[in-house]
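Dear colleague,

Please find below the structure I promised to hand over. A summary of the findings follows it.

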Amino acid sequence: MISRKRVVEAEIDQDQAAAVADETLHKRTREDLLISSAVAEETSVMEVDNSQVNGMQIDADGSKPDDIDEDLHSRQLAVYGRETMRRLFASNVLVSGLQGLGAEIAKNLVLAGVRSITLHDEGNVEMWDLSSNFFFSEEDIGKNKALACVLKLQELNNAVVVTTLTGNLSKEKLSSFQAVVFTDVSIEKALDYNDYCHNHQPPISFIKCEVRGLFGGVFCDFGPEFTVSDVDGEEPHTGIIASISNDNPAMVTCVEDERLEFQDGDLIVFSEVEGMTELNDGKPRKIKSARPYSFTLEEDTTNFGAYKKGGIVTQLKEPKILKFKPLKDALRDPGEFLLSDFSKFDRPPLLHLAFQALDRFRHEMGRFPLAGSEEDAQQMIAFAINLNESMGDQKLEEFDRKILRYFSYGSRATLNPMAAIFGGIVGQEVVKACSGKFHPLFQFFYFDSLESLPVEPLEPSYFKPLNHRYDAQISVFGSKLQKKLEDAKIFIVGSGALGCEFLKNLALMGVCCSPEGKLTITDDDVIEKSNLSRQFLFRDWNIGQAKSTVAATAASLINPKLHIEALQNRASPETENVFDDAFWESLDTVINALDNVTARMYIDGRCLYFQKPLLESGTLGAKCNTQMVIPHLTENYGASRDPPEKQAPMCTVHSFPHNIDHCLTWARSEFDGLLEKTPNEVNTFLSNPDVYASSMRNAGDAQARDLLERVLECLDKDRCESFQDCVSWARLRFEDYFSNRMKQLTFTFPEDAVTSSGAPFWSAPKRFPRPLLFSASDPSHIQFIMAASILRAETFAIPVPDWARYPKKIADAVNKVIVLEFQPKTDVNIVTDAKATSLSTASIDDSAVINDLITKLEECSKKLPTEFRMNPIQFEKDDDTNYHMDFIAGLANMRARNYSIPEVDKLKAKFIAGRIIPAIATSTAMATGFVCLELYKALSGGHTVEDYRNTFANLALPLFSIAEPVLPKTIKYRDMSWTVWDRWIIKGDFTLRQLLQWLRDKGLSAYSISSGTSLLYNSMFPRHKDRMDRKVVDLVKEVAKVEIPAYRRHIDVVVACEDEENGEDVDIPLVSIYFC
């Protein structure tokens, strides 16, 4: 278990630090590590001679790699996998420069779980630094930056060794690291460090990055030859073969179950092909002419055997070797820049020049250009012109001096949103350098957000420092926008990974940090262990506490002036008494930090209704997206949605699975049915047998019959009174699931069965199953019995004996179980219709069967102990000690074995069955940085849609796609026009007749008026004419049964209209009637 507190007290010298670190690196477990950081002038860096790949240490002195805490790192494991995580756990990283950017990078790497991180900075904390480094407080001013960070950084993950270097960094000290990051270093020093790293054996991955105001840049050099083991992190694409021709080239056709994702040039391998067995040799073959359901093969199959049936084709992902140029060559010949915003396609070469010009300015002048100083800006532009003249073929014919002027003005500032973006990008590049997972940035990337500046001209006086923590931000945006930020009223919905990052960002930016400002955050969830690997405001001693409360407290420590209220309410229709009209109307901006579409749609609807900006974002592994929803300027979140996730047909899941996802879906369904739904149903019956029996008789259908059969079976034939009974139940379940059902299925549909059209029944994608023979010597069989027995005992409140967790004892108990021989039946109906929504089959005598079952159930209940109740088990994926995932993985893998489907380990099963969303700290931090750049615009006001940006990014590739938001759809009618943002407001307590006339005055004939799901008026219903002189508000109360809260002074109705002249339907806005 992780220790309940992470206390870092002792001060140790460099020899002690090295000794403690060395001892730590040899431990099998990474938990309960307590390392204090040296406060000496320099702490020693670990030097361990390990086997290396790309210079990455993958084993400590030949010992077994450290165990991975799957409870803590489950979401990260879903992105990286075990091998990448082990390589991370063996990697030592240096981060030099502890302003905001360095702090963000270090935070992301400690959360990721590198072996060690060394912080280097020779400077001391200044007030200026408090707007970007969340580890600093006013008490740290005057202290060394690295030492001021180390204790708080250590708290994030006590399994990472955190040390410091506070003096001069010689290049020889770099030899102890797999990756080094420099965030504030001169080009002269960078060239020296990079030359050493590039030529070192093995090469040391070198990253130089900077954030200067609204501009940022990264340079990566991972050595002369760097091997990328997995360029995108995606699962290999597969296809189920339907036919293969004997041709040159051969045509391969796959079943139209799912579109193929192959591309021309992909390498693939074949397996399980019957007939044309020559293809099963494991040899990689190249695809050409890839189509949605077929492709041709660069292979002559003319003389191969004729294809019969079956076969799987799987993409083969090959390693890629990259040859990086050292910095001295790349500066002169940077190659292609990685683009992010295609409206700024000519910006990267200019920024490449600007960063070099700034370096020259600092070298010559010994300082940064002053904010708002035209003289300094012209001096820097002069340096840029001179550098440009010496660029040879890379010389720019012309460049925008205005951009260079803005670059100069804000060059000293490290803005928090920019630090968050580049902290995510660079943190991910370090992970790539240490693991070979994902494609590195090759080699320069530049980004700017000049459009975040206020639209009104900024006078030089606006940039004057005020001697407080926001001076760096003021040097870019001016004091007027800073005041707007501090006075803002913001609502953050969600306090998980995104929410924690947003709170940190807003606290550093000074948002809601005046008495007039207010930040409201709500989340109804509590902290779990798995949150700690990316939700960095939480600590292990916070597990079980409310997320919003803990996060708000932590954010207030970052900036004590933050005016914040933490709530534990889910924002939904049920809590509109909490988040009422007055609350929504008071807001300036809403920031979503949610993880589900339903909640996003609700908040989107509220923002539409109250016309509030909504800043939306989401992450999925290394991917992230942001969407700006700005009143009257952009479309809303709900205007475009991803297509629903494709669901496998019920008959496929239950009888004809052909991949492990189907097996896991079935296993999860069985878990819920056996351990939660049926016990709940039993308790419902026992709580009130008469009412239950009456409801079943009233239903009188196949579903009611099935429910009664399950309840009766649970309380009669399958009722357990001892743990041995539970073992017997588990053993018989095994026989039923994995032997008897397969025997019945293959009896009903033999291997040579044909369909009504004469085609083979067992054709792709169907896989012919084989029954399993139980063996007490098979560990997987015993593990299933153990998990099933323990969970069954829990539902019946039967104590679990100590021996139940010993496989040999379970095997002994299983051997006592008598298993009867199974005989297939001839009258069994197995659903094969892919469109069927239920496996229950109706019968003409359902009613009689239900009555008989109720009678038996009532008799059975008389034999039960008084007050007998079952204990339903709700699935919990994140507790590896509860046997939930053991049972589900066992169910799925045994079923996979039936159908010759590759099995998966428990972790992979957890990802799929638990529907775990892959998540890492780097993409989360980057997404919130992009959103906060938009927050400047939303609070500043006056920006056009061309200034706003939506973002999609994939750090694995890496790919950045930044573009203007989509305009809202405009509806035009006569001389009027409106969008989804508009409401038609009527002031007055209108009758239905008055409302119809009000619309008629606009040339509209209303034929239907509704409130919610209730129809208030329809022109085709004669009786509705009696309502014409009724107040609309009274109709809403009476017909729609709406209770209007005391605070609300209006009601909303949806009106369906047509043009009075041509009869065409007109889609009008929502109509709001203010009745008082």
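In which strand does phenylalanine 952 lie? Phenylalanine 952 belongs to strand 24, which covers residues 950–954. Please note that the model is predicted.

Phe952 also takes part in a surface feature: together with Leu957 and Leu959, this residue makes a nonpolar patch of about 230 Å². Phenylalanine 952 has a relative accessible area of 35% and is therefore classed as partly exposed, since that class lies between the limits of 20% and 50%.

Seven strands form an open sheet in the order 5-4-3-6-7-8-17, and the pairing is mixed. At its edges are strand 5 (161–165) and strand 17 (444–448), each of which pairs on one side only. From one strand to the next, the twist averages 15°.

Within this sheet, strand 3 (residues 92–96) and strand 4 (residues 116–120) run parallel and are joined by five bridges. Leucine 94 has threonine 118 of strand 4 as its bridge partner.

Two helices deserve a note here. Helix 5 (residues 187–199) packs on the sheet, where it touches strand 6 (179–182), strand 7 (205–212) and strand 8 (215–221). The direction of helix 5 makes about 160° with that of strand 7. Helix 10 (residues 416–435) packs on the sheet as well, in contact with strand 3, strand 6, strand 7, strand 8 and strand 17. For helix 10, the angle between its direction and that of strand 7 is about 175°.

With kind regards

Key: Residues numbered from 1 in each chain as written. Predicted model: local features only at pLDDT ≥ 70, side-chain atom pairs only at ≥ 80, totals over all residues. Heavy atoms only, no water. Patch = residues over 30% accessible without salt bridge, like charges linked within 9 Å, V, L, I, M, F, W, Y side chains within 5 Å. Areas by Shrake-Rupley, 256 points an atom, 1.4 Å probe, with all protein chains shown as cover. Salt bridge = Lys/Arg side-chain N within 4 Å of Asp/Glu carboxyl O. Helix = DSSP H or I, 4+ residues; strand = E, 2+ residues; numbered from the N terminus. Buried < 20%, exposed > 50% of the residue type's maximum accessible area, 1.4 Å probe, protein only. Pairing = 2+ DSSP bridges. Axes fitted to C-alpha atoms, helices over the stretch in contact; angles between N-to-C directions. Contact = heavy atoms within 4.5 Å.
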